[in-house]
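Q: I have a protein model open and would like to learn how to read its features one at a time. Could you take me through them, giving the general idea before each case?

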Amino acid sequence: MTTTTSENIAPAPHSPLAGLDLAPFTFTRRCWVDLTPDSVYQLISDVSLIDTWSPSASAVSYEPGEGPWVGARFSGRNRRDGREWVTHSEVVQADPGSAFAFVVGGAEQGIVRWDWHFCKQGAGSIVQQTWRLLRTDPVLGDTPEDLHALRDHMANSAEATLLSLAEWIAGHRTE
């Protein structure tokens, strides 16, 4: 299995972000959904569905012949502050019914890691989504303030995504 390290990777010494502690650039959000962990995993690992819930992502799809397994690659469009761009990601964890994770930029040189965890609670599941900055990159911003704004934007997007997912599941309940 390909994994990323939990070490904080600092930028080059000449960068204005050199030596920046990346630990504050992470967050976790949770919600309860009326679906089993196995079924939620199936929804989340089908990355083409993400634009159904996310206010920031669209046109997400696996590369031809790829799927929800470790090493699979996918791309998608992201939006923020009137800008739009394409990202390329790699699945780094695929545990049906419990966890799905990917790294934007690929497992070896990625800049952001998204983790999803699913845990049974009552008749449904707790869905947990975590975002973690792995290293700085000029595309994300040049100052700590830029990175804080990015983290805050992504936290708001994750909250909106989780709420939309829960509402969508409630409206499409088939189990």
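A: Let us begin with contact, a term that here means heavy atoms within 4.5 Å. In this predicted model, residues 24 or more positions apart account for 51% of the contacts with a separation of 6 or more. Residues are numbered from 1 along each chain as its sequence is written. Because the model is predicted, local features need pLDDT of at least 70 and side-chain atom pairs count only at pLDDT 80 or more, while totals for chains, interfaces and linings use all residues, and side-chain values use heavy atoms, with hydrogens and water left out.

Q: How many helices and strands does the protein have, and in what order do the elements run from the N terminus on?

A: Helices (H or I, at least four residues) and strands (E, at least two) are DSSP runs, numbered from the N terminus. This protein has three helices and seven strands, and its elements run β-α-α-β-β-β-β-β-β-α from the N terminus on. The radius of gyration, taken over C-alpha atoms, is compared with a globule rule of 2.2 Å times the number of residues to the power 0.38. For this protein the radius is 16 Å, close to the 16 Å that the rule gives for 175 residues, so the protein is as compact as a globular protein of that length. Along its principal axes, the C-alpha trace spans about 55 × 30 × 30 Å.

Q: What share of the 175 residues is buried?

A: Buried means under 20% relative accessible area, exposed means over 50%, and partly exposed is in between, with a 1.4 Å probe and protein chains only. By that reading, buried residues make up 46% of the 175 residues. Helix 1 (residues 37–45) is mostly covered, with seven of its nine residues buried, among them Pro37, Val40, Tyr41 and Leu43.

Q: Which residues have the most contacts inside the largest nonpolar core?

A: In soluble globular proteins, nonpolar side chains tend to be buried together. A nonpolar core is a set of buried Ala, Val, Leu, Ile, Met, Phe, Trp, Tyr and Cys residues joined through side-chain atoms within 4.5 Å. The largest one here has 42 residues, and Phe100, Trp114, Trp116, Val127 and Trp131 are those with the most contacts inside it. Helix 3 supplies the largest share of this core, nine residues. Apart from it lies another core, of five residues, including Ala101, Val103, Ala107 and Leu134. When neighbours within four places in sequence are left aside, Trp131 is in contact with residues that include Phe25, Phe27, Trp114, Leu150 and Met154.

Q: Where is Ser157 found, and which residues does it touch?

A: Ser157 is found in helix 3 (residues 144–171). Not counting residues up to four places away in sequence, Ser157 touches Ser54, Pro55 and Ser56. Its relative accessible area is 7%, so Ser157 is buried. Ser164 is found in helix 3 as well, and, leaving aside its neighbours within four places, Ser164 is in contact with Thr52 and Trp53. The C-alpha atoms of Ser164 and Ser54 are separated by 7.6 Å, although these residues are 110 residues apart along the chain.

Q: What is the value of phi at Ala59 and at Asp81?

A: Most residues other than glycine have a negative phi, and most peptide bonds are trans. Phi of Ala59 is near 50°, a positive value in a residue other than glycine, and phi of Asp81 is also near 50°. Ala59 is found in strand 2 (residues 57–62), whereas Asp81 is found in the loop between strand 3 (73–80) and strand 4 (83–95). At 48% relative accessibility Ala59 counts as partly exposed, while Asp81, at 62%, counts as exposed.

Q: Is Ile126 buried or exposed, or does it fall in between?

A: Ile126, in strand 7 (residues 124–133), has a relative accessible area of 22%, so it is partly exposed. Its contacts, leaving aside neighbours within four places in sequence, include Arg30, Cys31, Trp32 and His117. The C-alpha atoms of Ile126 and Phe74 are separated by 25 Å, and the two are 52 residues apart along the chain. Glu84, placed in strand 4, is partly exposed at 43% relative accessibility, and Glu84 touches Arg77, Asn78 and Arg79, not counting residues up to four places away in sequence.
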